[in-house]
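Trainee: I have a model to go through, and I would like to know what stands behind each label. Could you show me?

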Amino acid sequence: MGNADKRVQSVAQSPEKVMNKLVSLAKRRGFIYPSSEIYGGLSSCFDYGPLGSEMKKNIKDLWWISMTRKHRNIVGIDASIMMNPTVWEASGHVSSFNDPMIDDKTTKRRYRADHLIENHIEKLRRDAKEEDAHRVSSYYESASEAEDQNRAFYDIIIAEEIKAPDTGSADWTEVRQFNLMFQCNMGALAESSGKVYLRPETAQGIFVNFHNVRESSRMKVPFGIAQIGKAFRNEIVKGNFIFRMVEFEQMEMQYFVKPGTQVESFESWREERFNWYIERLGITPEKLHWYKHDKLAHYADLAYDIKFEYPFGIEEIEGIHSRTDFDLKQHQEFSGKNMEYIDQTTNERYIPYVVETSAGSDRLFLALLCDSYTEDVIDGEQRVMMRFAPKIAPVKAAILPLMKKGEMGEKAAKLRDELATDFMVQYDDAGSIGKRYRRQDEIGTPFCFTVDHDSMEDHSVTVRYRDTAKQERIEISKVKEFLGAKLV
Ligand code: ATP
């Protein structure tokens, strides 16, 4: 079966259609479904299906290994979603976790006023209108500091004639502030004393555990604490599938450093995180972009975003922030507990500075779907293929007996069982072999092992590579080792 010379030919994509195709494929093949669909769904909420949950776990595992185990001085935690409500007063979320919103009176759609302005500045930069970009950017900077920020943002939107990106309409209301935290009541009574929040970020669970982790794990500055977990924000969502949701998952790491060393640390994390997407996930480098924040959050002294070129625009996937000593200082003030670190060798005392890397696993999932989607023609037949890195692919290998009955089927089932404890594999004996390859290509399975007549004699199988459709013979006893080597 030596057909190593099969040609793979790319078919040009229409970016507008890609999202529709992805949403449909995601549902049909069990990656992502609309939440509570039989009741008409719930806006901006989604469920991960069998393949989606497997793939999301792969993404999170890869992040976890890269951000904890690979670093001798980073450990992980899993903090609770609900915390003492004073945490959110200390962090500033109760008073200022607001988004400036603006409505379009004609279309009744709501937008983030700051996003409209930032996108406008970015577009000016992309169009090489540097002078205009600089002018608007400095207006924006002073508007962000203005006492009446709402009015200042509104003025920029009107003066620049900024239009809604999706409809082109510009029939704007005033700008208003909305708090993004979900509130709920703990205990039986709906009293204000029982009011708690669903965490809007995982970071605070790390800050409040600074001393617990430092002491229990005997950590010395610089050290990091990592966490993966759900976060909730009552945001305005304008579609784009799972890009922006009210319930989502963050993968965050807070790195505690000595004051004065934060810029150096920031630069090194910036490089490491950007390369991670390319080297570990295989994302197309040209689709990743840096965005430097001109307008900084109240806690930050430096901030960059890693953005990905989604079909609907270039959008944030991860934020890298130098958060100063703001959070620990605030918790010291509000809790009355000393948050200082004492350097045992120099006896210096200080509140550490924090460099944070904060990524969203759902946005990354979507980026991988978008980046991997490929339509090509192979042997004159059109196919859809998800070009996932083997580490990320939900199914690592498919075991396909040429005939389902008799010894061939048994041999294939045995191979499947042997592999299943170490790898996510699928057994498929339904339909022609070509159809089965297509089914696996569409979910991004990197390898298919076919058990055929010769396998009965030579105890070998044919391995077919997804991307090239190239095929080779391999001994059955070597399949496990083969897969292990491909998944490092
Ligand atoms: P945006 O500007 O897009 O609202 P943000 O700057 O508020 O994002 P951060 O607070 O820095 O985001 O959160 C870190 C990461 O968490 C983001 O880079 C993103 O991947 C993810 N994230 C934030 N909000 C959402 C959301 N509503 N849905 C999905 N992921 C999100």
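Here we go through the labels in turn.

Mentor: First, this is a predicted model, so local features need pLDDT of at least 70, side-chain atom pairs count only at pLDDT 80 or more, and totals for chains, interfaces and linings use all residues. Residues are numbered from 1 along each chain as its sequence is written, and side-chain values use heavy atoms, with hydrogens and water left out.

Trainee: What makes a residue part of the shell around the ligand, and how many residues surround the ligand?

Mentor: A residue is near a molecule if one of its heavy atoms lies within 4 Å of it. Here 18 residues surround the ligand, and the closest are E235, R244, M245, E316 and I317.

Trainee: Which element gives the most to the shell around the ligand?

Mentor: Strand 14 does, with five residues. Strands here are DSSP runs of E with at least two residues, helices are runs of H or I with at least four, and both are numbered from the N terminus.

Trainee: Why is H211 called buried rather than exposed?

Mentor: Buried means under 20% relative accessible area, exposed over 50%, and partly exposed in between, with a 1.4 Å probe and protein chains only. H211 has 17% relative accessibility, so H211 counts as buried. This residue sits in helix 9 (residues 210–216), and its side chain reaches the backbone oxygen of N338 at 2.9 Å.

Trainee: What makes K108 exposed, and where is K108 found?

Mentor: K108 has 68% relative accessibility, so by the cut-off K108 counts as exposed. The residue is found in the loop between strand 5 (98–104) and strand 6 (110–112). K108 also has a positive phi of about 65° although it is not a glycine.

Trainee: Why is H459 called partly exposed?

Mentor: H459 has 45% relative accessibility, which is why H459 counts as partly exposed. Its loop runs between helix 15 (453–458) and strand 23 (460–465), and phi is near 50°, a positive value in a residue other than glycine.

Trainee: How do you know how many disulfides the structure holds?

Mentor: A disulfide is a pair of cysteine sulfur atoms within 2.5 Å, and the structure holds zero. For C184, the closest cysteine sulfur is in C45 at 15 Å, too far for a bond. For C370, the closest is also in C45, at 20 Å, and again too far for a bond.

Trainee: Are those two cysteines buried or partly exposed?

Mentor: C184 counts as partly exposed at 25% relative accessibility, whereas C370 is buried, with a relative accessible area of 9%.

Trainee: And which residues does a cis peptide bond join?

Mentor: V221 and P222, with omega about 5°. P222 has its place in the loop between helix 9 and strand 10 (223–232).

Note on methods:
A polar contact is a pair of N or O atoms within 3.5 Å; within protein, one must be able to donate a hydrogen and the other to accept it, and residues adjacent in sequence count only if both atoms are side-chain atoms.
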